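Hi everyone, thanks for coming. Today I'd like to walk you through a structure, one piece at a time. Please have a look at it first.

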Amino acid sequence: MMKKIFPAPLLSVALFVIWLLLNQSLSAGHLLLALILALLLPVLFSGLRPRHVRVRNLGAILRLCFAVVVDTTESNIAVIRFLVRPSARRAPPGFVNIPLELRDPNGLAVLAMIVCITPGTAWAELSLDRSVLMLHVLEVSDPQQIIDHVKTKFERPLMEIFE
């Protein structure tokens, strides 16, 4: 019962305090409005809160972090090379459809962040059934190589961590 009324007690307290700080007032009206917002907003938006994360493999997290650092560094170098010498482009840009086995929403969110921080790639679309990721890549010479890279370096460790 309490979980329905207060789905996120810390968030409620934070909303209450932040409202009062932003308005710089402790008047009865602001106290009442802060209380109403602190109680209603977490209930109204509880469906948007991410599911509880259960990390299953600490080693996979470390491997994933290392792979992201290496991949991001390599991508930065490739983008710099492209910017300095645009005529040295190896392949044209394009979209690559990557079949996904990862279904956990938290894992997909982490995959989206990894793709978005990697220069030269952008998350373009995720199919409604979450089975195919459309990725835009700055240089696409071999789509299968990109698919294998994403699945091996990112999707597999994310599945070890979240599923």
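Let me begin with a question: is leucine 133 buried or exposed? Keep in mind that what you see is a predicted model. Leucine 133 is buried, because its relative accessible area is 0%, and buried means under 20%. You will find leucine 133 in strand S3. Its contacts, leaving out residues up to four places away in sequence, are Val96, Asn97, Ile98, Leu100, Leu111, Trp123, Glu125 and Leu126. If you go from leucine 133 to isoleucine 146, you move 13 residues along the sequence and 12 Å through space, C-alpha to C-alpha.

Now for the core. The largest nonpolar core has 22 residues. Leu64, Val96, Ile98, Leu111, Leu135 and Phe154 are the ones with the most contacts inside it. Two or more residues of this core come from each of these elements: helix H4 (58-84), strand S1 (94-99), helix H5 (105-117), strand S3 (132-137) and helix H6 (143-162). H6 gives the largest share, seven residues. Take leucine 135 as an example: among the residues it touches, beyond four places away in sequence, are Phe95, Val96, Ile98, Val115, Trp123, Ile146 and Val150.

Let's follow helix H4 for a moment. H4 has 27 residues, and from its first C-alpha to its last it reaches 39 Å, close to the 39 Å expected at 1.5 Å a residue. Its buried residues include Ala60, Leu64, Ala67, Val68, Asp71 and Ser75. And what do the buried residues of H4 pack against? They pack against H5 and H6. Here is a handy rule to remember: an α-helix has 3.6 residues a turn, so residues three or four places apart point the same way.

Next, salt bridges. How many does a search of the whole structure find? The search finds four. One of them joins the side chains of glutamate 160 and arginine 63, at 2.7 Å, N to O. This pair links distant parts of the chain, with glutamate 160 in helix H6 and arginine 63 in helix H4, 97 residues apart. Glutamate 160 counts as partly exposed at 31% relative accessibility, and arginine 63 counts as partly exposed at 46%.

Another salt bridge brings together the side chains of glutamate 101 and lysine 151, at 3.5 Å, N to O. Glutamate 101 lies in the loop between S1 and H5, and lysine 151 lies in helix H6, so this pair ties together parts that are 50 residues apart in sequence. Lysine 151 also meets glutamate 155 in a salt bridge, at 2.5 Å. Those two both lie in helix H6, four residues apart, about one turn of the helix, and both are buried. Through shared partners, Glu101, Lys151 and Glu155 are joined into one network.

Serine 12 is in helix H2 (residues 9-23) and is buried, with a relative accessible area of 7%. It touches Ala38 and Pro42, not counting residues up to four places away in sequence. Just after H2, glutamine 24 takes a positive phi of about 50 degrees.

Helix H3 (residues 28-44) holds leucine 44, and leucine 44 is exposed, with a relative accessible area of 61%. Leucine 44 also belongs to a nonpolar surface patch of about 710 Å², made together with Leu32, Leu33, Ile36, Leu40, Phe45 and Leu48.

Conventions
Residues numbered from 1 in each chain as written. Predicted model: local features only at pLDDT ≥ 70, side-chain atom pairs only at ≥ 80, totals over all residues. Heavy atoms only, no water. Patch = residues over 30% accessible without salt bridge, like charges linked within 9 Å, V, L, I, M, F, W, Y side chains within 5 Å. Areas by Shrake-Rupley, 256 points an atom, 1.4 Å probe, with all protein chains shown as cover. Buried < 20%, exposed > 50% of the residue type's maximum accessible area, 1.4 Å probe, protein only. Core = buried A, V, L, I, M, F, W, Y, C linked by side-chain atoms within 4.5 Å. Contact = heavy atoms within 4.5 Å. Expected span 1.5 Å × (residues − 1).
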